[in-house]
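I opened a new page in my notebook today. Here is what I looked up, one topic at a time.

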Amino acid sequence: MKFVTFAHLNQTIGANLHRLPEDMDLVVGVPRSGLMAAVLIALQKNLPVTDLEGLAEDRLKPAGTTRPRASWIESVSKARHVLIVDDSISTGEAMDRARAHVESLGLNARVTYLALFALPSNFFSVDLYFEIINHPRLFEWNYMHHWALAHACVDIDGVLCEDPGRRENDDGPRYLQFLEQAAPRLLPTKPVGTVVTSRLGKYRALTEDWLARHGVEYGELVMLEGVTARERRWGGGHARFKAEVYASTPHALFIESSYAQAVEICQLTERPVFSVEHSKLIEPEGIAPHLRTLARDWRITTRQVARKLLSRLQR
């Protein structure tokens, strides 16, 4: 599965700006994700931007205090070359609807259609595309609302809900309150393949209740069994546990809160892991820089040394 991050999106736009028509004077985004791509392009090219409704109503988005270029148009009707942008093209239905809408307006302007990410089977459906990314694919800006989520493992704390603070993570009354009242963070609107958490198995009922109350659908919930809260804190085996679960599934992606754990899970499974903490996709073939980053992190090194000393004292 290919997972496209915001960083990848921005890099792709930057690397392909030279391919855009030099005479375009208006950028139009196809709701919703196309608006994001259109704004990024318009900002870098210093061009006015609007959406499909604005195109029909002769309404541009406010430009703020940015100094406009000399050829800045004051209204849609003044446009001579319009760029219609969507983030991706899959079935082609969204772009077809956008094309029909634009053609119905009878604009006195040239129109170019752009999809940032296309498929090998439909890149010819637009005038321009920036990159071919085949299915299955997930985008960081909508991965919690995509059918491919059924082929992923998803962490709970730090992903679906907030992480417990130090005072809450006491395995006592404050922790029970957290499990019941944790604030939602990113809630999926599509079923998740496997929910994986280092929460202890004795909290299964509270966890299942929270997931049900927030409408989270999933195939399986896997929790850490057979250890105490103290052993979990000092054992440092969160990533190893999650990696074992991930490796036992056919899933193609793990969505993890912690960057350090994401790197370790990827290293152990040789499968891609997305870290919500740093908005980074860690892939097996590109893991070396991440390992070097973690090796320089004194906080991780200190924890590892403390665990080794404790382990020796307990023998």
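**Ground rules.** I am working with a predicted model, where local features need pLDDT of at least 70, side-chain atom pairs count only at pLDDT 80 or more, and totals for chains, interfaces and linings use all residues. Residues are numbered from 1 along each chain as its sequence is written, and side-chain values use heavy atoms, with hydrogens and water left out.

Entry 1: I noted first how the elements are named: helices (H or I, at least four residues) and strands (E, at least two) are DSSP runs, numbered from the N terminus. Two strands pair if DSSP finds at least two bridges between them. My reminder to myself: strands of a sheet pair through backbone hydrogen bonds, either parallel or antiparallel.

In which order do the five strands of the open sheet come? I read E3-E2-E4-E5-E6, with parallel pairing. Strand E3 (49-51) and strand E6 (128-132) are the edge strands, each pairing on one side only. From one strand to the next, the twist averages 20 degrees. For such angles, axes are lines fitted to C-alpha atoms, for helices over the stretch in contact, and the angles run from 0 to 180 degrees between N-to-C directions.

I then looked at strand E2 (residues 26-29), which runs parallel to E3 and is joined to E3 by three bridges. Val-27 stands opposite Val-49 in E3. Helix H2 packs on this sheet and touches E2, E3, E4 and strand E5 (110-118), where contact means heavy atoms within 4.5 Å. The direction of H2 makes about 125 degrees with that of E4.

**Entry 2: the six-stranded sheet.** I found another open sheet, with the order E10-E9-E8-E11-E12-E13 and mixed pairing. Strand E10 (218-224) and strand E13 (280-282) each have a single partner strand, so one side of each is left without a neighbour in the sheet. Neighbouring strands here are turned by 20 degrees against each other on average, direction ignored.

E8 and strand E9 (residues 192-200) pair in the parallel sense over two bridges, and Val-154 stands opposite Val-195 in E9. Helix H6 (residues 204-213) packs on the sheet, touching E9 and E10, and its direction makes about 145 degrees with that of E10.

Entry 3: Most residues other than glycine have a negative phi, and most peptide bonds are trans. Where did I find a cis peptide bond? One joins Pro-31 and Arg-32, with omega about -5 degrees; Arg-32 lies in the loop between E2 and H2. A cis bond also joins His-135 and Pro-136, with omega about -5 degrees, and Pro-136 sits in the loop between E6 and E7. Asn-46 is not a glycine, yet has a positive phi of about 55 degrees; I located Asn-46 in the loop between H2 and E3.

**Entry 4: an aromatic pair.** Rings of Phe, Tyr and Trp (its six-membered ring) pair if their centres lie within 6.5 Å; planes under 30 degrees apart count as stacked, over 60 as edge-to-face and the rest as tilted. I get eleven aromatic pairs by this rule. Among them, Tyr-143 and Phe-274 are edge-to-face, at 5.7 Å centre to centre with 70 degrees between the planes. This pair links parts of the chain 131 residues apart: Tyr-143 is in the loop between E7 and strand E8 (152-154), and Phe-274 is in strand E12 (residues 273-275).

**Entry 5: a helix at a pocket.** H4 gives the second largest pocket the largest share of its lining, five residues.
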